[in-house]
Amino acid sequence: MNVMGDLSAEAMRTRIAQHLTYTLGKDRSHASLTDWRMATSYAIRDLVIEPWFAATRHTYEAQGKRVYYLSMEFLIGRVIEDAMVNLGLRETIRDVLAEEGIDLDALIEDEPDAALGNGGLGRLAACFLESLSTLACPAYGYGIRYEHGLFRQKFEAGRQVELPEDWLNQPHAWEFERPEARYEIPFAGHVETVDGRSVWHPAETVYARAYDMPIVGWQGKWANTLRLWGAHPTELFDLDRFNAGDYAAAAAPEALARTLSRVLYPDDTSDSGKALRLKQEFFLTSAALQDILRRFLSEYDDFALLPKKVAIQMNDTHPALAGPELIRLLTDVHGLDWDRARDLAQRCLNYTNHTLLPEALETWSTWLMGNVLPRHMQIIERIDADHRKATGCADDLGIVHHDQVHMGTLAFVMASHVNGVSALHSDLMKRTVFAGLDGHYPDRILNQTNGVTPRRWLRMANPGLARVLTDTIGAGWENDLSRLEELRAHEDDRALRDAIGAAKRANKVALSNWAADQLGVAIDPDAMFDVQVKRMHEYKRQLMNLYETVARWQAIRANPDADWTPRVKIFGGKAAPGYAFAKDVIRLINDVARVINADPVTGHLLKVLYPANYNVSMAERLIPAADLSEQISTAGKEASGTGNMKFTLNGALTIGTLDGANVEIREQVGADNFFLFGMSVDEAQTRAAMPDHARKAIHASQPLQDVLQAIVEGTFSPKDTDRYNNVVDTTWNHDTFLVASDFDSYRAAQAEADKAFREADHWNRLALRNIAGAGHFSSDRTIRGYMKDLWHTQSLA
């Protein structure tokens, strides 16, 4: 459907040609693929501007409440195809470009992924923004315009090497620079009391300058704004120093300012790295809140209306300074008294928790906080005093204790609502990381199970399957994903099962061709594509998957003529630069892949792929081609996951534990259509408390013993037999995340998956059931829950 009214192919051709000529200064005969991509992007962007402006006007006219989503990450991926799909123009543009000899798929591939995130946290934020627009809920996303992102991953001799992302080395077609939207961000200095009021005298300041990107919803009816902040100096180039020959000092203010918006999650193992991270978090938070208050005061003159017009969502603890910063702005800048400012701030703020790992809840030393943000240290201490007085809580439930500022506690105390991101996670929050606080604030924790946008993750990423669904249940499932339930009535339709299988195989053929071209590895599209793609972390247990891969290889070599199900094991994900163990696992995966892929005995039955630099665009390639989705985290460690939802939506079956949103996926798709293994949360906690639990599990599993022996003997690193001693030693003697204890159960579930896959029609039936059960996991459903339960806001559609 072309939702842009009477916009014809000829009109689109004219728009693209005009931008090619008048915006880029190129003629057709000399235009590169990038030129065509930029011209096409500008032409599409023009069409987004009208609903963007109309949404803004309508929000002002209706005096609607706005949602402000603060996140250190927005993993938006490529924009051009997403916009085309939501505007209903993909096929029109494909035809227009084909007449010019331009392949649309190649043009889309030319756009770099925006390097604005790392993993699930950032991708969730991006899905939420798109759903907010689809639902016509007035909203802004606030983030940082990172020049170099997290990093671009490369493998050298199997090792992860981190390189800077270069996505901004070319113009970004989708953003509008807003030099007039600029705020001064203070740091360091000292605080004095003047006439009974605190006055902060910062030692350094930078400007936060806005860069806006319209985020258009389904069918182009509404567009919200992603506002990213770039850091700029408040003191410009020092000409006197330059003329005196001190060139570096002359440019120092600009270099120091730009440091704030260069890299996502700079290494914080040093004091300077910690200070930079804290500055980044305050930079984002202060710029966003100053912008929010400016917009509010342009419409209203009574701060009593603030919670009725403003809902602020803190996505994890990174923006937890929003509480003290909003209080500072209301008291120090706008003159409100403490009690009123604190009450208004809390009524505006909500906090999403994304982790059950206590070590992942940020803490900053009081020394660092006091030096970088002295006024905020004062405010945090006063918030803490109020919290302790109101609750009479134990010292370890305070915000400040043991010379540390606990940001999770600060976010919890300053929020009206605290939400988990799956039913299990929300329950465990009450039982574990926030058990004490839940006792003092018993109605504060809510659940909002995550979701993903079906426009990007099915309609755009998997057009073949999308056509099958539309042919079967009709149009409209894109913004009402619950309609996938209608597929259940067609389960016995052999033609539908065949069509689902054919769509999957076409995606697997495309991935096989890409792997041969880009990775130099030939894979069989009729093999089972077994995929685990996510951030590298011990609790996600990529190592267990790898151990099973080695055990499978050893078993095939021992009996190559047995009835094996061919497998392609696919890994993807980055490790944090300072995470040595995760980087060892990456290298081991690559070493295992090198050996297995060269083995003539097993080559037709087992291959291992690990493409570097996993990102949104690679996910869009891998997920539609997956047969089996690896969701194998230790029970009780994964908050939710969203990759699990994307795989299910695209017809992959899950092999997984009862962790995060896996529990709800299994409920929705049916227990018989999910390969369950491993211990429950309670069983895992009991097992982890047992002395020598890892050794006991290994001694009980001959296959795991054989795997560990092969690794330690140097089977995969013959020139450096000690390379993986630490990995093997950790499995034997520590194994915090119970790889050894769950290994045999995992292997048994893999055998069940092998058996099911051998019967193609049976597997297609299971895939259909998974797709039919995926309707619950739309981010539209999640956002409706936030709107009703947390933000108390309405759609303006």
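I'll start with Arg 28 and Glu 100, whose side chains form a salt bridge at 3.1 Å, N to O; the term needs a Lys or Arg side-chain nitrogen within 4 Å of an Asp or Glu carboxyl oxygen. Arg 28 sits in the loop between helix 1 (9-23) and helix 2 (33-62), and Glu 100 in the loop between helix 4 (90-99) and helix 5 (104-110), so the pair ties together parts 72 residues apart in sequence. The structure holds 68 salt bridges. Helices are DSSP runs (H or I, at least four residues), numbered from the N terminus.

This is a predicted model: local features need pLDDT of at least 70, side-chain atom pairs pLDDT 80 or more, while totals for chains, interfaces and linings use all residues. Numbering starts from 1 along each chain as its sequence is written, and side-chain values use heavy atoms, without hydrogens or water.

Next, helix 22 (residues 542-558) and helix 29 (residues 702-712). Their axes, lines fitted to C-alpha atoms over the stretch in contact, come within 9 Å and cross at roughly 95°. That makes the two helices roughly perpendicular (65 to 115 degrees).

Finally, Tyr 247 is in helix 8 (residues 247-250).

Key: Axes fitted to C-alpha atoms, helices over the stretch in contact; angles between N-to-C directions. Parallel < 35°, antiparallel > 145°, perpendicular 65-115°, else oblique.
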